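Let's read a protein model together, one feature at a time.

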Amino acid sequence: MLRSVPVKHRGVKIYEEEEQTETNFLKKDFLSTPSYVLPTNISELTKGTIVIDLSLKYRYMVKYNMESTWTLIGISGCTNAGKTTLASGLANHFPGSIILKQDDYFRSDDSKEHVLIPELNHKNWERLEAVNWDAMMDNLENIMHSVPPHKHSLLIIEGHIIFNHPVIRKMFQKRYFLTLDREECLRRRIQRVYDPPDVPGYFDLCVWPMYSVNLQDVKENCPDVKYFDGNEKIENIFQNVLSDIQSIMSE
């Protein structure tokens with residue numbers, strides 16, 4: 001049940017989820033049940049709304065400022081599918097744009113919030129718990145309170161599980177998801193260096209199964225997402241995304 005809490009901010013409501021628990025928010029045992037259990041009664045975010053859930057270990061707060069003129073763009077998808085390249089291209093095209101990268105908010109390797117994969121004795125970096133959403137929200141809120149340098153400056157949030165977060169995925173004016181087939185994803189991933197590095201078996205037991213789970217969640221719970229095949233030339237993807245964003249700026 002959602003309870004409205006009076007606050008001083010004009011045009012803002014705060015909702016506190018009283019009954020939800022961490023257990024029914026996200027399954028802990030990925031290996032036996034590789035699926036998320038997402039809340040179904042989180043209120044729809046509109047301008048001027050703050051949503052706070054105090055029952056989760058990683059509490060989240062998102063403020064969608066009524067007077068903000070930032071254009072929020074979400075870019076998610078498969079690992080190594082071209083998310084960062086696409087985000088950088090858009091930021092270069094629209095002066096004054098800012099990119100908020102989910103990867104910059106990964107928890108430290110020794111964080112107790114991580115979920116361990118027993119068979120690998122390795123953390124699962126593909127789950128929501130791997131990210132410090134509180135820190136990300138703080139920075140996001142600060143940016144949204146600022147004045148964009150230009151009329152069409154973008155605030156781009158990029159990351160492979162941002163559309164799996166039940167609050168963040170509701171924020172964007174435009175959402176883009178880059179897919180890859182398994183073979184191409186593996187080919188690209190083994191060419192990169194990760195910190196901490198992938199342990200043997202991590203891709204087969206975690207990366208690809210979690211991508212499939214996360215993608216299904218996006219398809220079921222995140223509407224208005226435009227999907228692009230990451231095997232296509234990034235220049236073509238960029239032009240399609242650019243045209244789509246320009247269409248809302250001309251409205």
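Q: Where does Pro196 lie?
A: Pro196 lies in the loop between α4 and α5. Helices (H or I, at least four residues) and strands (E, at least two) are DSSP runs, numbered from the N terminus. The peptide bond that joins Asp195 and Pro196 is cis, with omega at about 5 degrees.

Q: What should I know before reading on?
A: This is a predicted model, where local features need pLDDT of at least 70, side-chain atom pairs count only at pLDDT 80 or more, and totals for chains, interfaces and linings use all residues. Residues are numbered from 1 along each chain as its sequence is written, and side-chain values use heavy atoms, with hydrogens and water left out.

Q: What is the mean pLDDT of the chain?
A: pLDDT is the predictor's confidence in each residue, from 0 to 100. The chain has a mean pLDDT of 79, and 73% of its residues reach 70 or more. Over residues 1–66, however, the pLDDT is below 50, and this stretch has 162 contacts in the model beyond near neighbours in sequence (contact means heavy atoms within 4.5 Å). Where pLDDT is low, the predicted coordinates should not be read in detail.

Q: How many helices and strands does the chain have?
A: There are six helices and eleven strands in the chain. Of the contacts with a separation of 6 or more, 74% are between residues 24 or more positions apart.

Q: How do I describe the way α4 and α5 cross?
A: Two packed helices are described by the angle between their axes and the distance between the axes. Axes are lines fitted to C-alpha atoms, for helices over the stretch in contact, and angles run from 0 to 180 degrees between N-to-C directions. Here the axes of α4 (residues 182–189) and α5 (residues 202–221) come within 12 Å and cross at roughly 115 degrees.

Q: Which residues of α4 and α5 meet?
A: From α4 come Arg182, Cys185, Leu186 and Arg189, which meet Tyr202, Phe203, Asp204, Val207 and Trp208 of α5. The residues of this contact divide into six nonpolar, no polar and three charged. In this scheme Ala, Val, Leu, Ile, Met, Phe, Trp, Tyr, Cys and Pro count as nonpolar, Asp, Glu, Lys and Arg as charged, and the others, Gly among them, as polar.

Q: Why does Ser153 count as buried?
A: Buried means under 20% relative accessible area, exposed over 50%, and partly exposed in between (1.4 Å probe, protein chains only). Ser153 counts as buried because its relative accessibility is 0%. Ser153 sits in the loop between α3 (133–144) and β9 (154–158). A polar atom of the Ser153 side chain lies 2.8 Å from the backbone oxygen of Pro95. Leaving aside neighbours within four places in sequence, the contacts of Ser153 include Trp70, Thr71 and Gly96.

Q: Is Asn80 buried or exposed?
A: Asn80 counts as buried, because its relative accessibility is 10%. Asn80 belongs to the loop between β5 (71–77) and α2 (83–93). Its phi is near 65 degrees, a positive value in a residue other than glycine.

Q: Is Asn121 buried or exposed?
A: At 61% relative accessibility, Asn121 counts as exposed. Asn121 is found in the loop between β7 (116–117) and β8 (122–123). For Asn121, phi is near 50 degrees, again a positive value in a residue other than glycine.

Technical notes:
Polar contact = N/O pair within 3.5 Å; in protein donor to acceptor, adjacent residues only side chain to side chain.
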